[in-house]
Amino acid sequence: MPAAPRVAIGGFMLESNCHAPVATEAEFRAAVYAEGEDILADLARPAPRMPATLWGFWKAMNDAGDWVPVPLVMTSAGASGSVEQGFFDRTVDQMCRRLRAALPVDAVFLSQHGAAIATVEPDPDGVVFQRIRAVVGPDVPIVATLDLHANMSRRMVAEPDALVVYRRNPHVDMAERGADCACILRRMLAGMRTAKAYAKLPIIPPSVTQNTSEGPYA
């Protein structure tokens, strides 16, 4: 019988507005911040604090069969200003340290937002993907969720193997999109591979495209 796949999970989520105050470490820790086994303990609660995308992925993976989750770091500050560069650097360093210590892994799932800015780095999401890819190498699948208004950079397309975006605003489908990632990842572990198509990047969708045909914003 094949061994249960070892899948690293984590993420860094921030929707930045340059007119808002800098998002500090204290802000992230007050909202969502967990490392290692604390992530799994929270996901097992009736009402997890972890993002719904991560919970949806975790539940769908559990429902689909055996697997071994390898928790890294998960943090989110919702909508705020640019993240303080030092905190962002330390967070990504910790994600990579935990990942290196847990190798080998068969895949990685990242719960991202896609519209983060740091006080120095203009593309934090691209940095997360690039740093994780550098640890696991070119052949380990990386899948991730993004907000539907993510600002896509070339690194954000080049490094992961699959990106799944929310379809609704308000984002009532986050758990479903995490579950989509689990389905894609299971298929990739069974041999499916994805292809990349590069558009003119970065892609910054106009706000009108965030409207949906259902719900409060219809």
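View 1. Within strand 3, Val73 is the bridge partner of Glu35. Strands (E, at least two residues) and helices (H or I, at least four) are DSSP runs numbered from the N terminus, and two strands pair if DSSP finds at least two bridges between them. Residues are numbered from 1 along each chain as its sequence is written, side-chain values use heavy atoms without hydrogens or water. The model is predicted: local features need pLDDT of at least 70, side-chain atom pairs count only at pLDDT 80 or more, and totals for chains, interfaces and linings use all residues.

View 2. Thr145 is buried, at 0% relative accessibility (buried: under 20% relative accessible area, exposed: over 50%, partly exposed in between; 1.4 Å probe, protein chains only). Beyond its neighbours within four places in sequence, its contacts (heavy atoms within 4.5 Å) include Thr53, Phe109, Val164, Arg177 and Cys181.

**View 3. Aromatic pairs.** Six aromatic pairs are found in the whole structure. Rings of Phe, Tyr and Trp (its six-membered ring) pair if their centres lie within 6.5 Å; planes under 30 degrees apart count as stacked, over 60 as edge-to-face and the rest as tilted. Phe12 and Phe88 form an edge-to-face pair, 5.1 Å centre to centre with 70 degrees between the planes. Phe12 is in strand 1 and Phe88 in helix 4, so this pair ties together parts 76 residues apart in sequence. Both Phe12 and Phe88 are buried. Phe57 and Phe109 are stacked, at 4.1 Å centre to centre and 5 degrees between the planes. Because Phe57 belongs to helix 3 (residues 52–64) and Phe109 to strand 4, the pair links parts 52 residues apart in sequence.

View 4. Leu103 and Pro104 are joined by a cis peptide bond, with omega about 5 degrees. Pro104 lies in the loop between helix 4 (85–102) and strand 4.
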